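Me: Could you walk me through some helix packing in this one? I'd like the cut-offs spelled out as we go.

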Amino acid sequence: MILACHGISKAFGENVIVTEGSFHIEDHEKAALVGPNGAGKTTLFKMIAGELPADSGEVVLTRDKTLGYLAQHQDMVSGSTIYEEVKLAKADIIAMEEQLRAIELELKHLSGEALNTRLETYNRLTAAFERENGYACESEITGVLKGLGFSEADFSKPVATLSGGQKTRVSLGKLLLTKPDILLLDEPTNHLDLNSIAWLETYLLNYPGAVLIVSHDRYFLDRVVTKVLEIELGKLMTYMGGYTDYAEKKRMLREARLKEYLNQQQEIKHHEAVIEKLRSFNREKSIKRAESREKMLEKIKPVEKPVEVNTEIHLNLEPSRISGNDVLTVESLGKSFPNQVLFTDVSFEIKRGEHVAIIGDNGTGKTTLLKILNQVLPADTGTFTLGTNVEIGYYDQEHHVLHMDKTIFDEISDDYPTLTNTRIRNMLAAFLFTGDDVFKRIGDLSGGERGRVSLAKLMLSQANFLILDEPTNHLDISSKEILEKALNDYTGTLLYVSHDRYFINQTATRILDLVNHTFVNYIGNYDYYLEKREELTAAYAGGKEHADACTENVSEAKLSWQERKEAQARERKRLSELKKTEERITELEERDTEINGLMTQEEVFTNSVRCQELADEKTRIAAELEELYERWEELGS
């Protein structure tokens, strides 16, 4: 065990963060801390890191073990470049190397005992330098910076000129290179693109120390962690497994507790009804029996009712009218900025009902494309056309149209005066505004909170073509799941940019990957993209020399939209027939086994007519099964 929290409690006035919470982290263990926004995850991290005192209880870090903490927001003040700043993490090794070089110069001028003494020091330092992998220090720094999305051209940029997100990446790089025995990472995937997140996953999986992570990235958690700690309503719970395991176990546990609660309520009501009936008889014996029942009732330990969860809130998104089949046609679109080409000669179509995710590295032009489609920015070349009756609903994190003097509630109700208060509150609750939060002024909200208000407004717009830029930013996991369910039920068309791989996997039917200034098309979700990425990128965004070698393997990507739809329809039909065939085989096999049992019964085997009927039925079953087995093999191949 490397870290333990024993009975820790923390509250800010009436706001209880945690009460008597306990957990432990083993050496080399990778664990997650999850919970709704505002539950106290960051506060708990600060207590573990020693930045906040606990009201009671204790945090124990094993003696001689080191702890490193990455906070969500970095206030980094530095006059260094990116490379110089991150290099500070290896200051001890660099100082050791400088000392070795200095001794090497000294050795030329020494002899006798002085030489031997200095050689001993040199050999000891050399051994320590090798143990710390000093010879690979420079390449390790470069590898971490590139893994976190910095190019070599970025290395010389002053830290003072960086954005908040870039400073966080620099801090993360420094922390990883210090290699503490346990890492506390608060939202480490924020500000990382998909390639950098994948690199960080691999790095942490191979990290020799322990890791405790706060993250809303469910795909990341499933890949990295083997334990989930949950903080909710002041309680700490431990679940073994990744995020998906945790979510399923939590659901089962909540259902079991709800069932226990309802059963107990039924039992209590039964006791109360019996007591009332006995007292109504108004006889000595019945009154005594009623008093006995009351004592029994008093001894029942009440089961706490499970708290209602956000997932019981349902968003219903419905377009006001149906668009034409051709929703968007983009032809030869191009956009550049000074010294930066984003994309060239891009062409694609989006049909009604498609859910299309745009992915790609940071800075490749994903958000710019959405702005062009919404006429916020002009394209340099090419055109795009919207189809018949297409009505766009646009969510851009940098382009919120909100009224600063209104409350959140008024912002919604003024734009949608026919909505009931309950509908408005449910919509706002799905985006984390509950209770008196709905009466906060828009002008007093943070940027993330304003983004959530804008997203809530958009979900009520009844547009039939939603264009969303990073819709899951600033949402907790429960809200993401509510949004996923709503978008999956949405009958309109969806185009969005996202770095949330779990969200993409749940909601996308098609992916456009912006790579090497062009789009590579994938007909499927994120898992399908991972499976096909290498061959399709080589064929369509890797240059002519790759295309010739890959032509035969990527015919699927060349299918027209209609052919792809027909192929998908055939696959759905095949799976449906396969399921029906399997169900019929099971039904017949069970009936055949039942007949075997019947024919061992005396009333059956002594009845020749009944025996013949059953034998004929077995013959028919055998013949049908033979056909079904052949059909099953055809459908399954």
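Predicted model: local features only at pLDDT ≥ 70, side-chain atom pairs only at ≥ 80, totals over all residues.

Me: At what angle do the axes of α3 and α4 cross?

Reply: The axes of α3 (residues 91-107) and α4 (residues 112-131) cross at roughly 150° and come within 10 Å, the axes being lines fitted to C-alpha atoms over the stretch in contact, with angles from 0 to 180 degrees between N-to-C directions. That makes α3 roughly antiparallel to α4 (an angle over 145 degrees).

Me: And what sort of residues make up the contact of α3 with α4?

Reply: They divide into 11 nonpolar, 3 polar and 5 charged, where contact means heavy atoms within 4.5 Å.

Me: Switching to α5, which residues are buried?

Reply: In α5 (residues 137-147), C137, E140, I141, V144, L145 and G147 are buried, meaning under 20% relative accessible area with a 1.4 Å probe, protein chains only. Seen down the axis of α5, these buried residues fall within an arc of 165°, so they line one face of the helix.

Me: What do they pack against?

Reply: The buried residues of α5 pack against α2 (82-87), α3, α6 (164-178) and α7 (194-205).

Me: Last one: why does T43 count as buried?

Reply: T43 counts as buried because its relative accessibility is 16%.

Definitions and conventions:
Residues numbered from 1 in each chain as written. Heavy atoms only, no water. Buried < 20%, exposed > 50% of the residue type's maximum accessible area, 1.4 Å probe, protein only. Helix = DSSP H or I, 4+ residues; strand = E, 2+ residues; numbered from the N terminus. Parallel < 35°, antiparallel > 145°, perpendicular 65-115°, else oblique. Nonpolar A, V, L, I, M, F, W, Y, C, P; charged D, E, K, R; others polar. Arc of directions from axis to C-beta.
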